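Try each one yourself before you read its solution.

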Amino acid sequence: VLKNYDFNVLLVERVRSAYKIHTDSGNFCLKKVSRGYRKSKKSFYISKHLKDNGFSNVADYYPTKKNKLFVKINDTVYYLTYWIEGREADFKIPYEVLKCAEMLAEFHNHAKGFKKTKSIRIRSYYDKWTKIFERSIKEIHSFIIKIDKLDIKTEFDYIYKENIDYYVQEAKQAIEILKHSNCSLLRKHQKNQRYVCHDSYYYQNILIDKTDKMYIVDLESCCYNLPMSDLGKFIRRVLSKSKYKWDFDFCRKIIESYSRVRPLSKAEYCLLLAMLVFPHKFWKLGIKRYVKNKKWNEARYMKKLRKIIKYSNYKKEFIECYVSFYNLQIL
């Protein structure tokens, strides 16, 4: 792969899912995308769209000797960007969380209007959220059957099953919020506006350089979606940390930081609540255990489950504060 570029390689080191390439022309980031030619093209053209619209917080691509953007070997695609010298965002630092919220709003403003072509694969989720939640409820219910079929059940299995009804009710509550929040009009409008979401806006994909400039990396997962999907995932990730424990006051500050850049409509406050109410962590933990059979030890599974259950009261109080503060007539 690296023979296609006009530099001498000094060192290659693995950094998460990418490679840091040290060369006599500087440092670069090499990304490998399996069966991903269209995904790689999507990543480049969204990056270009962002830059053309004044958003400079993404890495620049580095072309091959033949001025190509990608190196394709069998079904695998590789591409190179300049290495961003910096560190990952730290969600334990409140100030950085608020800055990340601002950049997410900037991303949504500048990525909006992206036009796909036949050679670019980009999924659309504008009209799918009720179906996604309903399908997830069916999956949670299916875990009961899987648990009952186990020859040997552990403490995790018993406790997980005991709590399924509670979290299914949370999921149904999220669906009711979707149905009573004018989301259909919002979806239609934002679909026409062609809003793009990052879909993996986590600390691993937010870098901060030595000048405190922030960057978004890994655009392969970008999709057409409602901006509140991104913001909801981001807030959930932050508030489920032990430092915040579903602290509504801090959530309000995150929303304020975002909305200063991209103001929210009343319907978006409702949609965001639905994204926050849905029991993603409980559902995902069940997927890891009963579908993917993730090879964690029992102590790790129990630690995660106990934390989810322990935080349920914090989350319940959070929902009440959210509905009251934003004066939402939906519950």
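A helix here is a DSSP run of H or I with at least four residues, and helices are numbered from the N terminus. Please keep in mind that this is a predicted model.

**Exercise 1.** Find which residues Ser40 is in contact with, leaving aside neighbours within four places in sequence.

*Solution.* Look for heavy atoms within 4.5 Å. With those neighbours set aside, the contacts of Ser40 are Val33, Tyr61, Phe70, Val77 and Tyr79. Now take Phe70 from that list: Ser40 and Phe70 are 30 residues apart in sequence, while their C-alpha atoms are 8.0 Å apart in space.

**Exercise 2.** Work out how strand β2 is paired, and why β2 is largely enclosed.

*Solution.* Begin with β1 (residues 9-15), which pairs with β2 in the antiparallel sense over six bridges. Within this pairing, Glu13 stands opposite Lys20. Two residues lie between the strands of this hairpin, and Arg16 takes a positive phi near 55°. Then turn to β3 (residues 26-34), which also pairs with β2 in the antiparallel sense over six bridges. Here Ala18 has Lys31 as its bridge partner, and the hairpin of β2 and β3 has two residues between the strands. Finally, five of the six residues of β2 (residues 18-23) are buried, so the strand is largely enclosed by the rest of the structure.

Methods:
Residues are numbered from 1 along each chain as its sequence is written. This is a predicted model: local features need pLDDT of at least 70, side-chain atom pairs count only at pLDDT 80 or more; totals for chains, interfaces and linings use all residues. Side-chain values use heavy atoms; hydrogens and water are left out. Buried means under 20% relative accessible area, exposed over 50%, partly exposed in between (1.4 Å probe, protein chains only). Two strands pair if DSSP finds at least two bridges between them.
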